[in-house]
Number of protein chains: 2
Amino acid sequence: MWCNKSTSIGREDKRAPCRAARPHPRPLREVLPRAGCLLPGAARPRSAEALPAQQDLLLAAAFVCDAQYNRNIPFETSPQAVRLYYLYNHWTMQAATYFFVFVNLSLAVFEDPAVYPLPFLATSLVEVLCLLVFFSRLLHFAKVTPRNIFWKDAKNICLMMAILVALTDLIIHGALKICNITSVRYSRIMRPIFLVNFTESRQMRRAFRSIRNTLPEITYVFLLFMFSVLMFSLMALKLFGDRNLQTVEGSPYFTNYLEIVFDLYVLVTTANSPDVMMPAFDFSWWYSLFFITYVIINTYIFMSVFLAVVYNNYRKHLKNEIRKLAYMKRHKMVEAFNILKVKEGSEFVVKESQWKQVVKLVAPEISTSHRELLLRISDDEQKGYVDKKSFVRLADLLNIQVITMKIRSHPLERWLPHVYNSASSRFLRSMVRHKRFVWIYDVIILINAIFIALDEENPLISYAEWAFLSLYIIEILLKLYTYEPRTFFAKNQFWNWFDTLIIIAALVATILNAAFKSTSKYNGQQVLDIVFILRVLRLIRIVDSIQRFRVIMNTLINIVPTMLTFGGLALVVYYMFAIIGMEVFQGKIQFFAAGSTDPHALECGNLALKDSTFARAKYCKNNFNDIASSFIVLMELTVVNQWHVLASGFARVTHQAAKLYFIAFHIVVVIMIVNIFIAFILEAFFVEYSLEKSEVETAIEKKIQELGVGVQEEELLDGKLIDNMETTENNLEGDGIKTSRGLVFKIASKRYRTVDALLQRMFEAEIPSEDEGLSFDEILNLSPADLYPKSPTFDSAA
Amino acid sequence: MWCNKSTSIGREDKRAPCRAARPHPRPLREVLPRAGCLLPGAARPRSAEALPAQQDLLLAAAFVCDAQYNRNIPFETSPQAVRLYYLYNHWTMQAATYFFVFVNLSLAVFEDPAVYPLPFLATSLVEVLCLLVFFSRLLHFAKVTPRNIFWKDAKNICLMMAILVALTDLIIHGALKICNITSVRYSRIMRPIFLVNFTESRQMRRAFRSIRNTLPEITYVFLLFMFSVLMFSLMALKLFGDRNLQTVEGSPYFTNYLEIVFDLYVLVTTANSPDVMMPAFDFSWWYSLFFITYVIINTYIFMSVFLAVVYNNYRKHLKNEIRKLAYMKRHKMVEAFNILKVKEGSEFVVKESQWKQVVKLVAPEISTSHRELLLRISDDEQKGYVDKKSFVRLADLLNIQVITMKIRSHPLERWLPHVYNSASSRFLRSMVRHKRFVWIYDVIILINAIFIALDEENPLISYAEWAFLSLYIIEILLKLYTYEPRTFFAKNQFWNWFDTLIIIAALVATILNAAFKSTSKYNGQQVLDIVFILRVLRLIRIVDSIQRFRVIMNTLINIVPTMLTFGGLALVVYYMFAIIGMEVFQGKIQFFAAGSTDPHALECGNLALKDSTFARAKYCKNNFNDIASSFIVLMELTVVNQWHVLASGFARVTHQAAKLYFIAFHIVVVIMIVNIFIAFILEAFFVEYSLEKSEVETAIEKKIQELGVGVQEEELLDGKLIDNMETTENNLEGDGIKTSRGLVFKIASKRYRTVDALLQRMFEAEIPSEDEGLSFDEILNLSPADLYPKSPTFDSAA
């Protein structure tokens, strides 16, 4: 199981296995009594007395883990269900699901029309296997969830239908194939459903819900917009229809109403500006006012209104969903507390030992000292128990990435202390730490950039490349000599990792290329391409030297994980359109390589394209003949420019109605998806701008400071840490926490927080901390105070 | 003087003369002692005793008027300065300034290169006249303002410099012209300065300040973006440079670094997608990944980041400026209060008589009953005086457009009561009021739309047009018969006005067209065009029948006034670029009409354009040969598509460096101005979404309800008003306010509030009402809690 992106704070943490679900060997065995065949002997409880306590702990830990990762799969609290639930969330199960989802999607590469053709039998067997896996996964989920909740969830019904339809379709298609009848595999369009509904892609589902919720409002704006387009088209017909004007191609200008509507719709996307205006403009410059008015109203105002409506709805629904999540988290934590609570004086509390066991179960990988730190925060006065308020905070505490690190001396210092501490070595190290070292390398990078731009053929330049490569390698070696290697390659040292990987890759590729060049006749173009790209990528490092650039880059890096969700969203829509496109346009347009002698090479193998703009612009390779080409064409359509040429081209080889496919794509992708993407980036930036430390983070930091085991991030970055060792050490010794010498904590840098986590924190502040939280049903029924109350489905909170 | 758009709530009110500055005859004469030559006898005060009181009232009224219209010209409080200040704000003076600003700007139409050429002497005489007017206006302002404030204001210094430079330039140019030396009139670029700095275009100045304040932040993002473009260009050079690929035109593909940078910069604007990719894509589909990555990073992410940065800054600075305005208003009202206050018991108050006189001075045009209503709100308990808190609210009270209307019986009812109240007449009126009447006319409009689309030549259709026209006229007559005409044509009945004007214009134009057709050989194409446009515009009315569309339309209509500000902003930038463009490209490209026999007609009269994409696309009319053409070309550049073709075309006829002009235009207009425009529309929509009634409005409404003189807007719209007369009348009689029979008030519809007013109210809620307000200097020094503290200039609040 992959950790949920939205709540794990670390960027690298994204792919970190979920702690509760990948417990260390012992808990796993305890957790999986049914998997006893795999881990024999583990199924038997150790003692009849210990069992219920153990069971309670497991249940409580399941609740805390759910709260931590913002999952809200409701599970039955029976021992069997809890164990199945752990298994369901086990990372191997999740990974397998992801794997089969992608196998299922990638079948399009091998099915006819294929990039790499495989026989029908092979692909259909794989598909059946995938569907079986999906079905068993769904069955597993049904076992875990209470029956009434399972059947209320539209997601599950949808999955079942999809599996059924895919199987039926496959069987029919197979049967028809045997009888040599070709049929359309329409169920392939439904494959992305598995990606959306199976995986932990909560953000993707949220984006889809956002689209669904925005639909009523956007529809009215769209109708008004279309009304405006139709009105202007009517005006254009009356104004220009009888003028006998001609387009550049010599065809009559603005005489057919439907064509005018299409032309003016294209003008909204600006793709045929100013060409569509030129004949009228040539006739009289007054007519340009018509087009300018049109563009201002329809392109600038209406498109901005679309963005405003999409953005406003996005924000409204996001807020509601995050609020739901926050309530849900509180609810789960209270449930866990209620399982573990014992009466202590007048209030209910959780015993320290219980608390520790739960934390061990939930986050087995955190260090003892980290756990002690969290305990000290939760049990501030060291009373031996944790009260309710502090316990509820546990999920947040676990979510904050506290980096525990041992301040280690450099390995060389341990092995060769005399050499490492000699005067010349000290001088070298201070030199490397100096700012001018960075500057010198910045200058080297700039010189390198110039050399790259120069001609490769010159042997001198080719040698210079080797020189630069060695300079970079020397830099990394010097840094490794100066800084402690494990600190240098800490999880959050993005640029160190980046540098080193690029340099090593470049070294390997350059050597390979040189080897190819000297020994064989193979010109190694692919390797050379990689070398070129790596060389240029090296230059990016200069950005990190300039403070202002670093800030912008950090914000951008910060929103990358969530941007990947939009990649997923785009993938789903692209996939569906690609499948449809392939069914409709496959084979109609052929591409012939440059030297082809085919008589119809210039017309893309289709006489209908003779003298078309499509053929003249040499767009033959833009076709739907396989999934890769389809995706590239759809990308071009997303960029919008020249989409009318593509649309007209495909309409010529099939039917005028084919333009509807392209218009539909424009509406769905450019008006909806791209606007949601922009809305998301705007929101992400605004959240970044209004960023403050959360209450919980402040509490942890305060405690770290109190205990004197903190370290400032700046110190780490500048490598001052080791220089400060002497002063830090003294503070550590006297402390109650048994920290080993040189152990420090720090809160992970702001750089590695995801937008989702930030948003959640923003809205959490609105919930009063004393609030017990709403009941489970109440939470699910929360809806934005909006005009369009939606029916409360379980899906809407998943 | 035009009322300040930002505070007058009514949309129509926009052009209403400022009340305080257009006092009714008596105050005007009293106000203008210096203009005694114009109004003899007025300069003499009536009595030595009355003078100071009168003077105080004038001063207080000036403060209140300033507060009401959010002006903050600081004026000296000496009697002379106050009178000059009134004169300065007099509507004739403001109108004259506007007139000369536009005359000055429109000189570009007549100067060489001219649309309508005039001799140099004529244009330069007009220009000198304009400059003289500007100078005297500035001198007037200097007389009003305290000297130290005048000289601290960058705006004034800037104006003085502009006048000086323009004069010098004109003289030099004239002198050189006499010696037959042609020189460049570079000072023409500075003409928009007068538009920005002279007029009451606070929003335009705010937009410019917003741009200035955003510059540092946007510059860093832009540099990072350019770095990315340069890096990708380098990669492209290495990947494709040695492949011997060719573009569609047959020129070498991606071999020159600078050309690659330009091509990839164009790709960011999507204008050459997918053409720029095709050669590489034809070679291998893997290379398309390079371009897709490029587009995602630079077009989608960076352009969104630009929007985010611009939007964030826009919001931040807007908030700060509106907060300043709100403080300023409070400050002015307190000043006015302090002038008028007298001690009453333990607190200072303003006497009722004084209050009335001030209101009369500030808003002479409001009715006595309206004034009584305001007094009843300000002096809730009828104590005979207004306390400070209520007095300070006066400016807001005056800003709320309370529509006083007499419920009049229909004129026909008075003249021909028997006929009008007969059974058939009653039936007719109830029919017109019925919903089905609207539906029937909606159907008629739809049928009309179909007829418009059909062929004009058919005589049947031509007759049908007359039938439709009469149907519409009958509709209006019927409505006028049913509803009281003055209610029907009330200020805020937008659609009634729209309908009537369109129909009357169509009637006139159709008759004119028929007359032309039958009598002369002149085919009246212009008139026919207008007829066509009016016919189609009539169809818009159908939008108003659908509730949801009406809501969206209202929001759009609501933001029109502020959008005009952006029109002004665009005008300024366009003007500057147009002047530069004309100097550089004038005459290089010629347009030859379709039948031209010129041998170089196909190359736009310039051999350098032979075989260029520019000439092939027949773009010859896109040139900088006069200001109108320049504006159209700049509009095309704003729309972005094909801008690289224009840029390359103009670079061919001049120099490659000419591309910089087009890139600069793209950066300034598309990255800055268009984004600010989008930010503004987004903000306007969000404000509309979160709209609530203000505290003051609620107070007025409550009082209106209390007094039983209110009327619901819905009643008015549905025409139910007159039906309810009987019940309303009774309530009115017994009331303390001497309302004439049938007089009612209502708050102007939400539809007519400007975004600026809404924003201001939003932020005003944040200022505690007891707050005395900051001092004048403190207000001016308010700055957003941002990263870039700007130096406090007076200009920044003007």
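Contact means heavy atoms within 4.5 Å. By that rule, 100% of the interface residues of chain B are also interface residues in chain A, so the copies meet through the same surface. This is a predicted model: local features need pLDDT of at least 70, side-chain atom pairs count only at pLDDT 80 or more, and totals for chains, interfaces and linings use all residues. Residues are numbered from 1 along each chain as its sequence is written, chains are lettered from A in the order in which they are written, and side-chain values use heavy atoms, without hydrogens and water.

**Interface**
- In contact are 87 residues of chain B and 87 residues of chain A.
- About 8500 Å² is buried between the chains, with 73% from carbon and sulfur atoms (accessible area, 1.4 Å probe, lost on being put together, summed over both).
- B:K238, B:Y300 and B:R548 supply 8% of the area that chain B buries against chain A, more than any other three residues.
- The interface has 2 salt bridges (side-chain nitrogen of Lys or Arg within 4 Å of a carboxyl oxygen of Asp or Glu).
- B:D529 and A:R243 meet in a salt bridge at 3.2 Å, N to O.
- Helix α12(B) gives the largest share of the side of chain B that touches chain A, 15 residues (helices are DSSP runs of H or I, at least four residues, numbered from the N terminus).

How values were computed
Buried area = accessible area lost by both parts, 1.4 Å probe. Helix = DSSP H or I, 4+ residues; strand = E, 2+ residues; numbered from the N terminus.
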